[in-house]
Amino acid sequence: MTTRSPDAVEIPAGAGIGLRAAHYAELLRQRPRIGWLEVHSENYFGGGPLLDLLEQIRAQYPVSLHGVGLSLGSTDPLDCDHLGKLKALVEHIEPALVSEHLSWGSVGGRYFNDLLPLPYTEEALRHFCSRVIDVQDFLGRSILIENPSTYLQFVESSIPEPEFLSEVARVTDCGVLLDVNNVYVSAVNHGFDPVRYIEAITPGAVREFHLAGHSRKETSSGMILIDTHSAPVSDSVWDLYERALERFGPAPTLVEWDADLPPLAALMAEAHRAQAVMEMAHARAS
């Protein structure tokens, strides 16, 4: 593996929000006090007015780039065009963090509008690690890998997901983006203990948290949770976030909200709550 450059601008161990187009103008006008902002990388590959806005925002706040299109778990070759655009954006914006997902979304050159789960096998682990190493070498920096929300599990899986994720971090020297809502959604859907999931992840690997809201859906097989990012963070996820802070300590924490967007003030209120929870956990640990 090549030597990787340090983060361009460090993101504080504080709360940030996912920036969506509906809030651009208000955020630039008000310039609210917020630790950092995250945007989806692919939205800015085409340049133009959106990139101009991101440049203005980057001049005011630390920024994280969160990708959804690399399809790291796929057996398709890595998309060199996608990687080239990502590298150009990274070099232009100089984000503090760059992240992707423990998932796949393409096969045979066909892309799906979903982050699909992997079978957690030794073969899949070797394959995923090699892809992360290739991406990091190409970008010249470490990335973070986010745990998915899942609605099915493979009978072939022989490695529990948190151990799989921890091993990816160990082998590749990437970081873990621990999405606390995704842990809770998957735990309810599959009937495992979300606290044990958190306790199974290597403490030093976690470099960022995500928080978000979810929805409930009744199916013929019973109730499931869907990771919709369309509601406030639930009380159960706030409780789990506190347990995660106890284990991993403070880290940059992002509140995501992608559908049924609230006013910016409501999103900021969620971030302020995350900041307060983090500060309380830090005070208890001191």
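A residue counts as buried under 20% relative accessible area, as exposed over 50% and as partly exposed in between, with a 1.4 Å probe and protein chains only. Keep that at hand for this tour of a predicted model, in which local features need pLDDT of at least 70, side-chain atom pairs count only at pLDDT 80 or more, and totals for chains, interfaces and linings use all residues. Residues are numbered from 1 along each chain as its sequence is written, and side-chain values use heavy atoms, leaving out hydrogens and water.

**Stop one: Tyr120 and Phe164.** Rings of Phe, Tyr and Trp (its six-membered ring) pair if their centres lie within 6.5 Å; planes under 30 degrees apart are stacked, over 60 edge-to-face, and the rest tilted. That rule gives six aromatic pairs. Select Tyr120 and Phe164: their ring centres are 4.8 Å apart and their planes at 50°, so this pair is tilted. The two are 44 residues apart and link distant parts of the chain, with Tyr120 in the loop between strand E6 (110–116) and helix H4 (122–139) and Phe164 in helix H5 (residues 161–172). Helices (H or I, at least four residues) and strands (E, at least two) are DSSP runs, numbered from the N terminus.

**Stop two: Phe192 and Tyr197.** Here the pair is stacked, 5.8 Å centre to centre with 20° between the planes. Phe192 is partly exposed at 29%, whereas Tyr197 is buried at 5%.

**Stop three: a cluster.** Now select Phe209, Trp238, Tyr241 and Phe248, which form one aromatic cluster.
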